[in-house]
Amino acid sequence: MPASAMYSRQDLSLRDVGAGIETARADAPDEAWWELAVVVPTYDEALNIAPLVGRLEAALSGVSWQLVFVDDDSPDGTWRIAKEMARLDPKISCLRRVGRRGLAGAVVEGALATSAPFVAVIDADLQHDERLLPEMLALLRRGSCEVVIGSRYLGAGSAVVAGLTGRRRWGSRLANWLGRKALSMELTDPVSGLFMVKRELIDEVAPKLSPSGFKVLFDLLSAQETPVRCIELPYEFAPRAHGRSKLDHGVVAQYLSLLASKLTRQVLSPRAIMFSLVGATGVAIHLGVLKAGLAMGFAPAQALAAVTAMTSNYLVNNAVTYRDRRKRGLALLTGYLQFCGLCSVGLLANVAVGSVAQQHLHVWWLSGISGAAVGAAWNYVTTSLAVW
Ligand code: GDD
Ligand code: MN
């Protein structure tokens, strides 16, 4: 057998380009090699960018590192400032994503854009302690673990987290507890936004990671085939200096659907779970309106109930289920018209099935549910494909 036949097609093509890679490497200046990429997701953080860069420079002196901002087209123009800094400093880059939202997706894309062997993730708002980064890097270099996490709930100051107030404190503890149970890992802060990992950990599971929500560390840990070694380092979560938090009820709902998706072993995606929950609220609204409108006759009441539920489903799905592609302004209206167009067939089926059921069963709520179920199945399939 000739030697070349022993190589698979992939090996051959890698061998072919191998020489080119060597040439490119020989020409490259030493500084072109980065050991660490610091990925910073940003949304409306204009005033925090310059102070953050200053703090990272101070913390990482002596390290060969690069800084990757991933901005979701912030209305306050954060990306303009980040790009201006990138123009002046070759180790800084800024990816501006348009028409998309999501902390997790931004972090994953930033990590996928680098070739540095280690990737750190840190918030832009100065709430995290960047002075942990050198120790995190040292632990990974030594091979002591694959993931280092900055924990708000370890060591001194863990009882009261300065940067979290009232309800957020309890919510954060609950999110941590749920995350710990779902991961079966004894971590004090599995939903931390400050961590450092070997890049290959992200590369391997990137297609499985959810782009929406905040819990990228949790998602990353639970996506690993074999358990990874984690070390937590304590730090004090500082209050925000400028701007406001983007963690809202929608983000909480996204986290819960991510946990639920893990419980189904990913048979149902977080989005499908969210869509079903929104559908359930639609059914409740449908039945409420149907009951209130029965006096005008079953068919018109069923139609009115369906339109009300459809409108509510559209708005809630747009705000929560598809918040990473959320429609606003004119697009919100055209999306609604599209949604209604697609759902009108579902609505006809809904009213027809409901009416037939009512003629035979004479149980208004059972007839209502049968009609709604047929309509909902149609709506889910068609709108998830076409509208968002
Ligand atoms: N690109 C992008 N897109 N960045 C975003 C988005 C988004 O949709 N939403 C938030 N960010 C950025 C913010 O600009 C900030 O740099 C960082 O992500 C964290 O957002 P905050 O809104 O400040 O989050 P927080 O302080 O309330 O939440 C903290 O605790 C969570 C756990 O409870 C953060 O540390 C989170 O990372 C952490 O998951
Ligand atoms: Mn913050």
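Predicted model: local features only at pLDDT ≥ 70, side-chain atom pairs only at ≥ 80, totals over all residues.
How much space lies in the largest cavity? I started there and got about 40 Å³.

**Entry 1, the cavity**

I looked for cavities of 30 Å³ or more and the structure holds one. Then I listed what lines the largest cavity: Val107, Val108, Phe195, Ile202, Leu209, Val216 and Leu220. By class, I get seven nonpolar residues in that lining, with no polar and no charged ones. Helices α4 and α8 each supply at least two residues of the lining. I keep both helices in mind for the next entries.

Next I went to ligand 1. I find 26 residues around ligand 1, and Glu45, Arg101, Asp125, Ser245 and Lys246 come nearest. Sorting the shell by class, I have ten nonpolar, six polar and ten charged residues.

Which residues put a polar side-chain atom beside an oxygen of ligand 1? For serine 245, a polar side-chain atom lies 2.5 Å from a ligand oxygen. Ser245 is also on my list of those that come nearest. For glutamine 127, the distance from a polar side-chain atom to an oxygen of ligand 1 is 2.9 Å. For histidine 128, an N or O atom of the side chain is 3.0 Å from an oxygen of the ligand.

How much of ligand 1 does the protein bury? Taken alone, the ligand exposes 740 Å², and the protein buries 98% of that. I also checked which elements give two or more residues to the shell, and they are β1 (36-42) and α4 (103-112). So much for the shell; α4 turned up in the cavity lining too.

I put the volume of the second largest pocket at about 450 Å³. There are 17 residues lining this pocket, and Ala182, Leu183, Ser184, Ser222 and Lys262 are the closest to its centre. Its lining has ten nonpolar, five polar and two charged residues. Three helices each supply at least two lining residues: α6 (166-183), α8 (216-223) and α9 (249-263).

**Entry 4, strands around β6**

Last, I followed β6 (residues 195-198). How do β4 and β6 run, parallel or antiparallel? They run antiparallel, with four bridges joining β4 (residues 118-121) to β6. In that pairing I see alanine 120 opposite methionine 196 of β6.

I then looked at β5 (residues 147-151), which pairs with β6 over three bridges, also in the antiparallel sense. Here valine 147 has valine 197 of β6 as its bridge partner. One link back to Entry 1: Phe195, in the range of β6, is among the residues lining the largest cavity.

Definitions and conventions:
Residues numbered from 1 in each chain as written. Chains lettered and ligands numbered in written order. Heavy atoms only, no water. Near = heavy atom within 4 Å. Polar contact = N/O pair within 3.5 Å; in protein donor to acceptor, adjacent residues only side chain to side chain. Areas by Shrake-Rupley, 256 points an atom, 1.4 Å probe, with all protein chains shown as cover. Nonpolar A, V, L, I, M, F, W, Y, C, P; charged D, E, K, R; others polar. 1 Å grid on protein atoms, 1.4 Å probe; cavity = no way out; pocket = protein on both sides within 12 Å on 5 of 7 lines; lining within 4 Å. Points joined across faces, edges and corners; volume = space filled by probe spheres on them. Pairing = 2+ DSSP bridges.
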